[in-house]
Number of protein chains: 4
Amino acid sequence: MSQQNPNRRDIGRKPKFRRRAEARPDDILDAALKLFSLQGFMPTRMEDVAKEAGISKGAIYLYFPSKKALLEGLIRRAVVPVADSALEMIAAHRGDPLPVIRKFLTMVASAVKGPDGFAVPKLVIREAAAVPEIARMYREEVIDKALPAIAGLIAQGVEGGYIRNVDPELTVRTVVGPLFMHVLLDEVFGIRPDEGLAIDRLVDNHLTILMAGLAPETGGAR
Amino acid sequence: MSQQNPNRRDIGRKPKFRRRAEARPDDILDAALKLFSLQGFMPTRMEDVAKEAGISKGAIYLYFPSKKALLEGLIRRAVVPVADSALEMIAAHRGDPLPVIRKFLTMVASAVKGPDGFAVPKLVIREAAAVPEIARMYREEVIDKALPAIAGLIAQGVEGGYIRNVDPELTVRTVVGPLFMHVLLDEVFGIRPDEGLAIDRLVDNHLTILMAGLAPETGGAR
Amino acid sequence: MSQQNPNRRDIGRKPKFRRRAEARPDDILDAALKLFSLQGFMPTRMEDVAKEAGISKGAIYLYFPSKKALLEGLIRRAVVPVADSALEMIAAHRGDPLPVIRKFLTMVASAVKGPDGFAVPKLVIREAAAVPEIARMYREEVIDKALPAIAGLIAQGVEGGYIRNVDPELTVRTVVGPLFMHVLLDEVFGIRPDEGLAIDRLVDNHLTILMAGLAPETGGAR
Amino acid sequence: MSQQNPNRRDIGRKPKFRRRAEARPDDILDAALKLFSLQGFMPTRMEDVAKEAGISKGAIYLYFPSKKALLEGLIRRAVVPVADSALEMIAAHRGDPLPVIRKFLTMVASAVKGPDGFAVPKLVIREAAAVPEIARMYREEVIDKALPAIAGLIAQGVEGGYIRNVDPELTVRTVVGPLFMHVLLDEVFGIRPDEGLAIDRLVDNHLTILMAGLAPETGGAR
DNA sequence: TATGAATGAGCGTTCATTCAT
DNA sequence: AATGAATGAACGCTCATTCAT
């Protein structure tokens, strides 16, 4: 999570010095990400990707056996570090989970804000429904790890009296859903608040409600 | 070589298989919905739709001028009743909006529970990138009506002191996002709670948190 | 029914039949000219052209963006040399125009005599109604250059006293029409003089009448 | 030929008084002529013809077995009376043929001027190249009768010393070609003199040249 | 007779993938 | 390793023709 490569570009590349600068697969993925994000998966032609990557159509097939493999590679590349870093934090936690939830949502929000920092998840939101393999892969690599982690956190909080008596598995949807919907409205329908995407404000607003909503019923927490 | 291919159309006619005019546009839309939901818009061939509807390829074009029009017809059919009924309720309201929000979410939940209740929205999300008109249409017909209505409701509630001081436009995401995410997790990623889809329980759980979260500040939350 | 038709593209690839890049655009145009002349534009399938050219359907689109572009390419190829060479001769002229007219008709006649000499013009007439761009293109590139040139020549001759007082614009039809009709009768209706096409004799006979008909009035004709 | 119906509409119809006014085939041909003339044969759909004729698509097939038969019917209807009347005049002639030629061209010109009077020949000019049957039929019914008749006239004139020593069969092209080209330029390419179609002036101008050109070489004719 | 809903072969074009160089 | 010309299956849409009514 710390030294594990600040830019994700060089993951899984063996340093064999052949002719060129040696980052072909990643250049291709960069090009694919840009175009898939811009125009969607299906309308993007392999030739477009090749041109964007500055290589020939055929060269792509030296690294990726099919167009779908490109999308899968994209997700694999982006998904591994993200999931791990976030989940470590959650798994290590003890005590009142509300601050962690706050931290988690803030962390995700700041990831979303960065340029292309959230491009792949946004792509998944758009394309998962159309490309089942994507859905499966994203589910296995991200969702099946993240959701139970947060649910466990909430369950802990309920048991410890930090959180009102709610169903942890369902509450996860209340925790994450608003942020998810915010991004989806923007990505799919181009709908964003009047002042801009404003992810920070969205998270703030959501946290205000969430914290109050999750707080134990009686008086103050604990 | 001289008289080659004079009229490819006149050869080998097999006796046609005729049927009466009961394949109404609705039957075609049913077939289209089934296949689009199952395999997606682009991979579904017009001939598939025709076969599913029990008619010939050309017959579809008697009722719909293009494949895209089929998708649009699907949305229009699903969209009109939903939007109207829900929005009337909201528009007519005065006073504490929390009960209305509860009612709205319950209403949406029960609509989603029905067979194919979420098929069209999912289709819209799936295909929005590939067929932008679809996204625009759904946005104009549904989202641009529903979101402002709920936001207005919340704004009223804030002014009337029924609701904590929140940003109405952003709060809409907190209200609707969880339900939406619940359904999408199920439909796209195949993820549902251990006990089944349980939309009612999801709504209950969400409402518990939401009502507490939106209630005016009595003491100090957090 | 569940996994129906996931990817129709990946099944049953037979080893392709490859060929080197000698199928230049000209080969394609040759094939197209042959088939268009034989069967007409509309009844000729792109696949027919491809087969005739010894390449695949898709390869044609490497060189021509559409079927119409094929027809346009055909015309452009045939038209450029003809127009230029003939018109230069006319434009440079001063003095008695009758020898030039004689030369012009002889030149056109010899061009028409060659193999496929009239194929493109006939094609243009044939398809003008169905593909209006063709008519416009031929008009702009050939007719609108040639007719005014000859008309100007005649006008000059009238002014210089070399030619009887006739309307130049209409006289062009008398000059060119007979040759044109001769070829069209042959090509379209299969009608030719008993002794064969005999273009040279046609031109001779026509010139005899034309020269006498255009000569300035000495006594009283009629 | 006399009492046999002055307007060509009812040819070949048996007077069985069924439901309607009884001129269906001719109404259909009228509609077809209008549309074929306007947009060409191929782009005109059978349904267009039906609508124009005020009947249903299927009804056309009660009278004409195919689209091509429509075109053939059109030509057959128009061709028979025209050819006969013009050729009678020519066949009956003795003596100087130049006045007859003048009369013939004038007659054709006036036919061309009339509204739709020349629609079918114009259609043939456009479509003969694309629909071989049309070419054949028109050749047999019109051209093979007209050309030899005029050629015979010219041959007579040459023998009688009224006309310069020319090849009659080739001279026919000089006689008719200009008028033909005038119409073709207009029909196919939309090219007409600045003052309008001006057929009369075209014929006048052409006749001026033709008469002088055909006159015996020595002094004035006769 | 007449209708017009229905048919279905047909075709232009696209593009993921292959492979000779 | 790299190219890009070539392939060919696929699919949306048209329209002449048919036939149940």
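## Two helices that meet across chains

Helices, for their part, are DSSP runs of at least four residues, numbered from the N terminus. One more thing to keep in mind is that this is a predicted model.

## Where chain D touches chain C

Let's zoom out to the whole interface between these chains. Here 52 residues of chain D are in contact with 49 residues of chain C. The size of an interface is often given as the accessible area lost when the parts come together. For chain D and chain C, that buried area is about 4400 Å², with 70% of it on carbon and sulfur atoms.

There's some charge pairing here too: two salt bridges are found across the interface of chain D and chain C. You can find a salt bridge between the side chains of Asp167(D) and Arg201(C), at 2.6 Å from N to O. Between chain D and chain C there are also 16 residue pairs in polar contact, both residues having pLDDT 80 or more. Which elements of chain D give two or more residues to the side that touches chain C? They are α6 (119-127), α7 (132-159), α8 (168-189) and α9. The largest share, 15 residues, comes from α8(D). By class, this side of chain D has 28 nonpolar, 11 polar and 13 charged residues.

## Where chain B touches chain A

Chain B brings 49 residues to the contact, and chain A brings 52. Together they bury about 4400 Å², and 70% of that is on carbon and sulfur atoms.

How many salt bridges cross the interface of chain B and chain A? The count is two. A salt bridge joins the side chains of Asp167(B) and Arg201(A), with an N to O distance of 2.6 Å. On the side of chain B that touches chain A, α6 (119-127), α7 (132-159), α8 (168-189) and α9 (199-214) each give two or more residues. Here α8(B) supplies the largest share, with 15 residues. This side of chain B has 28 nonpolar, nine polar and 12 charged residues.

## Inside single chains

Back in chain D, have a look at how α7(D) packs against α8(D): their axes are 8 Å apart, at an angle of about 110°. That angle makes α7(D) roughly perpendicular to α8(D). From α7(D), the contact uses Leu147(D), Ile150(D), Ala151(D), Ile154(D) and Ala155(D). The α8(D) side includes Pro168(D), Glu169(D) and Val172(D). The class count for this contact is nine nonpolar, one polar and one charged.

Finally, a salt bridge inside a helix. Over all chains, the whole structure has 55 salt bridges. One of them links Arg136(A) with Glu140(A), whose closest N and O atoms are 3.7 Å apart. Both residues lie in helix α7 (residues 132-159) of chain A, four residues apart, which is about one turn of the helix.

How values were computed:
Residues numbered from 1 in each chain as written. Chains lettered and ligands numbered in written order. Heavy atoms only, no water. Contact = heavy atoms within 4.5 Å. Buried area = accessible area lost by both parts, 1.4 Å probe. Salt bridge = Lys/Arg side-chain N within 4 Å of Asp/Glu carboxyl O. Nonpolar A, V, L, I, M, F, W, Y, C, P; charged D, E, K, R; others polar. Polar contact = N/O pair within 3.5 Å; in protein donor to acceptor, adjacent residues only side chain to side chain. Axes fitted to C-alpha atoms, helices over the stretch in contact; angles between N-to-C directions. Parallel < 35°, antiparallel > 145°, perpendicular 65-115°, else oblique.
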